[in-house]
Amino acid sequence: MRKVFVHTFGCQMNEADSARMVELLGRHAFTATPHPEDADLILLNTCAVREKAEQKLLSALGRYREHKARRGALLAVSGCVAQEQKGKLLSRVPYLDFVFGPDNISRLPELVERAVQKERFAETGWMDSEEYVFPAADPEAARGRIGAFVTVMKGCDNVCAFCIVPHTRGREVSRPFAEVLDECAALTAVGVREVTLIGQNVNSYVGGCSFAELLRKVAALPGIARIRFTTSHPHDLSDALIETFRDEPKVMPHFHLPVQAGSDEVLRRMRRDYTVEEYLERHGRLEAARPGIAITTDFIVGFPGEGDEDFEGSLRLLERARFDNSFSFVFSPRPRTVAALRLGSAPEWTEVDRDLALARLERLQALQRRIALEKNQALVGRELEVLVEGPSEGDPARRCGRAPDNRVVHFTATEAEAPAAALVPVRVTAAFPGSLSGERTGPARLA
């Protein structure tokens with residue numbers, strides 16, 4: 001058996017893609033290794049969404065070069081940076097063997113054999129939507145795991161001004177719902193109890209039914225205890241999806257709904273087709289449909305032309321919405337995006353000073369930490385049903401899992417009292433900005 005080591009950058013889509021690649025290679029005499037020094041193939045699965053993506057990749061390639069030189073391992077790059085850079089990567093990194101984009105994952109065994117024959121190449125062509133085949137998960141690889149990602153669509157048609165995803169993942173393609181249901185059923189048969197349906201914009205799913213209908217179909221499968229999904233665009237938040245949160249208890253009360261900014265003018269330049277008030281109206285409807293739902297979001301700080309009042313609008317929005325958590329970043333221009341092309345072209349596209357943007361980011365994150373702590377403190381004394389994932393990282397003598405709203409909960413129990421994949425009642429005794437701590441109050445039950 002040859003060995004493959006995969007270094008994954010970025011999002012849950014990349015994590016799922018890496019898992020599919022390992023499973024696919026497993027059918028062609030490869031086994032995974034956690035050690036690059038043991039590998040016959042070192043594969044870097046990249047993300048291009050955040051800044052310095054190329055620098056991070058080049059730095060990692062430099063570290064793996066010695067393993068290639070010593071062992072003769074193949075070195076390959078996949079993912080969004082591969083799709084964006086294409087053959088340029090081969091020119092910049094002479095010891096790189098091959099490059100391939102997300103649409104070529106299913107061809108990986110063939111690509112490896114070409115590289116074994118000393119061919120250097122970049123395979124970054126797009127597959128026609130009608131011909132695209134979603135790599136299916138291998139249930140046996142998920143045996144013993146509590147949760148699993150299930151890809152339901154790929155690509156994005158929105159072309160937001162800051163986002164490179166349409167250029168690196170292509171147009172939206174939805175997976176037929178029968179395939180999704182078959183994969184979920186196969187995963188539950190080996191013990192998976194929580195599935196997370198993933199895609200760049202899952203709300204726009206059209207694989208033979210709407211996304212709301214897909215959630216209900218998955219919930220009807222025997223063995224499914226919890227359903228989550230990510231990521232969503234506010235303009236696709238339908239009444240039917242909101243009603244699913246109201247009606248279907250297996251759909252967990254957590255919704256990641258990226259807002260990006262609290263200024264209508266900045267949202268317009270971002271090419272987000274909603275106002276702050278329209279976003280808050282949808283936010284309020286979610287809260288009304290599922291009281292206690294945890295809503296999380298994304299913010300970009302320092303978008304071109306962002307003034308003090310624009311940024312203050314983001315702080316006001318955060319105070320009004322009181323998000324349970326947010327992921328916030330300083331704007332960085334991504335190649336070929338509208339924002340990168342227009343940066344500096346007019347007063348409203350003026351670049352924001354980096355130090356000022358970083359100071360704004362710290363203010364927003366400090367406010368988010370305060371709100372998250374206050375919301376978590378309000379849960380002290382409450383009893384939550386926790387799906388056990390395993391031992392706590394910080395204290396192996398304790399157990400860790402997630403509440404329905406996706407909060408991480410650490411609690412006192414032995415492995416026998418709280419085995420992985422069990423549901424355990426836990427009373428919250430202490431709160432922190434990013435997690436809860438508690439005590440087990442009753443026996444575990446199978447999820």
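In these notes Ala, Val, Leu, Ile, Met, Phe, Trp, Tyr, Cys and Pro count as nonpolar, Asp, Glu, Lys and Arg as charged, and the others, Gly among them, as polar. I'm working on a predicted model, and I jotted things down as I looked them up.

**Entry 1: the second largest pocket**

I wanted those classes for the second largest pocket, whose lining has eight nonpolar, one polar and nine charged residues. I read off a space of about 350 Å³ for this pocket. Its lining is made of 18 residues, and the closest to the pocket's centre are Gly 292, Leu 379, Arg 382, Asp 405 and Arg 407. Which strand gives the largest share of this lining? I found that strand S15, residues 383-391, does, with three residues.

**Entry 2: the largest cavity**

Next I went through the whole structure for cavities of 30 Å³ or more, and one turned up. The largest cavity holds about 110 Å³ of space. I listed the residues around it: Met 13, Asp 17, Arg 20, Pro 102, Asp 103, Ile 105, Tyr 132, Phe 134, Pro 135, Thr 151, Lys 154 and Arg 169. Sorted by class, the lining of the largest cavity comes out as six nonpolar, one polar and five charged residues. Helix H1 (residues 12-26) supplies three lining residues, the largest share.

**Entry 3: strand S13**

Then I turned to strand S13. Is S13 largely enclosed by the rest of the structure, or open to the outside? I counted along residues 294-301: eight of the eight are buried, so the strand is largely enclosed by the rest of the structure. For that count, buried means under 20% relative accessible area.

**Entry 4: who S13 pairs with**

A reminder to myself: strands of a sheet pair through backbone hydrogen bonds, either parallel or antiparallel. Strand S12 (residues 254-256) pairs with S13 in the parallel sense, over three bridges. Which residue of S13 is the bridge partner of His 256? I traced it to Thr 296.

I then looked at strand S14, residues 325-330, which runs parallel to S13 and is joined to it by six bridges. Two of the positions I noted here: Asp 298 stands opposite Phe 327 in S14, and Phe 299 faces Ser 328 of S14 as its opposite residue.

Putting the strands together, I get an open sheet of three strands in the order S12-S13-S14, with parallel pairing. S12 and S14 are the edge strands, since each pairs on one side only. On average, neighbouring strands of this sheet are turned by 15 degrees against each other, direction ignored. I also followed S13, helix H13 (residues 308-321) and S14, which make a right-handed β-α-β unit.

**Entry 5: Arg 320**

I stayed with helix H13 and picked out Arg 320, which sits in that helix. Is Arg 320 buried or exposed? I got 52% relative accessibility, and Arg 320 counts as exposed because the cut-off for exposed is over 50%.

**Entry 6: strand S3**

My next strand was S3, residues 41-46. How many of its six residues are buried? I counted six, and noted S3 as mostly covered. Both faces are covered here too: Leu 41, Leu 43 and Asn 45 lie on one side, Ile 42, Leu 44 and Thr 46 on the other, and all of them are buried.

Strand S1 (residues 2-8) and S3 pair in the parallel sense over five bridges, and I found Val 6 opposite Leu 43 of S3. S3 also pairs in the parallel sense with strand S4 (residues 74-79), over six bridges. There, Thr 46 stands opposite Gly 79 of S4. I followed the chain from S3 through helix H2 (residues 53-71) to S4, and this β-α-β crossover is right-handed.

**Entry 7: helix H5**

Last stop: helix H5, residues 108-116. I wrote down its buried residues as Leu 108, Pro 109, Leu 111, Val 112, Arg 114 and Ala 115. H5 is followed by Lys 118, and I noted a positive phi for that residue, near 70 degrees.

Notes:
Residues are numbered from 1 along each chain as its sequence is written. This is a predicted model: local features need pLDDT of at least 70, side-chain atom pairs count only at pLDDT 80 or more; totals for chains, interfaces and linings use all residues. Side-chain values use heavy atoms; hydrogens and water are left out. Buried means under 20% relative accessible area, exposed over 50%, partly exposed in between (1.4 Å probe, protein chains only). Helices (H or I, at least four residues) and strands (E, at least two) are DSSP runs, numbered from the N terminus. Two strands pair if DSSP finds at least two bridges between them. A crossover is right-handed if, with the strands pointing away from the viewer, the path from the first strand over the helix to the second runs clockwise. On a 1 Å grid over the protein atoms alone, a cavity is a set of points where a 1.4 Å probe fits but cannot get out, and a pocket is an open set with protein on both sides within 12 Å along at least five of seven lines; lining residues have an atom within 4 Å of a point. Grid points are joined across faces, edges and corners, and a volume is the space filled by probe spheres set on the points. Axes are lines fitted to C-alpha atoms, for helices over the stretch in contact, and angles run from 0 to 180 degrees between N-to-C directions.
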